[in-house]
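Colleague: I would like to go through the terms used for this model. Please set each value against its definition.

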Amino acid sequence: MNDRISVPAGTPVVQSRLPTVGTTIFTVMSALATEHGAVNLGQGFPDFDCDPALVDAVAAAMRSGHNQYPPMAGIAPLRERIAEKIESLYGRRYDPVTEITVTAGATQAILNAVLAFVGPGDEAIVLEPSYDSYSPNIELAGGTVVRVPLTPGTFAPDFGRIGAAITSKTRLILINSPHNPSGSVWSAAELAQLQELLRDTSIVVVSDEVYEHMVYDGEHQGVARFPELAARSVIVSSFGKTYHVTGWKVGYAVAPAALMAEFRKVHQFNVFTVNTPMQHGLAAYMASGSHHLALPGFYRAKRDLFGAGLARTRLAPLPCRGTFFQCVDYSAVSQLSEADFCRWLTVEIGVAAIPLSAFYADGFDQHIARFCFAKKDTTLDTALERLARL
Ligand SMILES: Cc1ncc(COP(=O)(O)O)c(C=O)c1O
């Protein structure tokens, strides 16, 4: 193909650092949804606004002059609020001075952690299906991605396979609970098993907990609750998910001081700092109440509304114990591949979804599509009316 593209003289011949990466399925499906007037339940973001009080808090911060560089690790009041929240929920105190860093979303926190702990020749374990940035991050660090499948059907961790994937070169494992895309969550017993499995290793855990406040049965089991696991973990979360402001791209990472010191070395030459007024706004908003405590009920109602509607279709919902994603098995409706089914659903039925195969490097196909229910009830009702035609 390349020999047909006319290249101006002097253009350097580049060796792509990410030769297999193309446009993500989320961009493709969103464009298709717009083109065909489909209800977009593909990409994972709310179609409703955040609490106006949060916008007011940011505006107030801007007006009162909080518009210059903040400290590298984030403003002190926000780091203090983060420490208080984690301690109140999970019983572990992270030191705001040495153990908490505000990041440009969870995405940057994950890249930061990978660059801090993985280098050429190292291996890093990714459990599939997985969020799309994990593997490219490891490749950018020069590491080798070691993919281990979650158990098909339940999407539970398979400790036999994880154990078998560990070698003397393994530096890091990325875990994610509640899990995008499956909606599964790790139990306390599973985290305890991971703690046991890693005991005699020096593997760092990056625990992606951006959906920590969207758990529908019982409490979120995060690594902060497990002392030995916490001692080797960088925990990542996202204000975007928690406060319905995905476009703000603000999140944070917490880790024991020795790990955080390495994390910050990368952070200071990556973004250096994250925007100041958003940090002040978030700190003031967090001080004004425990808004995150309302989130499970808010999203549980949407999950139940969407689930009740799906029960009237021929799509078979998989259990959704966390996140704002609902997966369905569409075998009773179609034998198309997941990618073709999602395209057909968008164009012919008018509802956009994401094929689960997009979350596997080898495109493993299970006839499962993922819907995002972080939408207004009216949006969900419109989508359900259309899906009922299947
Ligand atoms: C599992 C997971 N991790 C990380 C992120 C990124 O979070 P942020 O928008 O804060 O970068 C997402 C967003 O969809 C996600 O689903």
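Modeller: The model is predicted: local features need pLDDT of at least 70, side-chain atom pairs count only at pLDDT 80 or more, and totals for chains, interfaces and linings use all residues. Numbering runs from 1 along each chain as its sequence is written, and side-chain values use heavy atoms, without hydrogens and water.

Colleague: Which residues line the second largest cavity?

Modeller: I86, Y90, Y94, E209, E212, A224, I235, S237, Y252 and V254.

Colleague: Why is H292 called buried?

Modeller: Buried means under 20% relative accessible area, exposed over 50%, partly exposed in between (1.4 Å probe, protein chains only). H292 has 9% relative accessibility, so it counts as buried. H292 sits in the loop between α11 (276-287) and α12 (295-310).

Colleague: What is H292 in contact with, leaving aside neighbours within four places in sequence?

Modeller: K85, L89, H213, T242 and Y243. Contact means heavy atoms within 4.5 Å.

Colleague: How are α4 and α10 oriented to each other, and why?

Modeller: Their packing angle is about 110°, with axes 8 Å apart. Angles under 35 degrees count as roughly parallel, over 145 as roughly antiparallel, 65 to 115 as roughly perpendicular and the rest as oblique. Therefore α4 and α10 are roughly perpendicular to each other.

Methods. Axes fitted to C-alpha atoms, helices over the stretch in contact; angles between N-to-C directions. Helix = DSSP H or I, 4+ residues; strand = E, 2+ residues; numbered from the N terminus. 1 Å grid on protein atoms, 1.4 Å probe; cavity = no way out; pocket = protein on both sides within 12 Å on 5 of 7 lines; lining within 4 Å.
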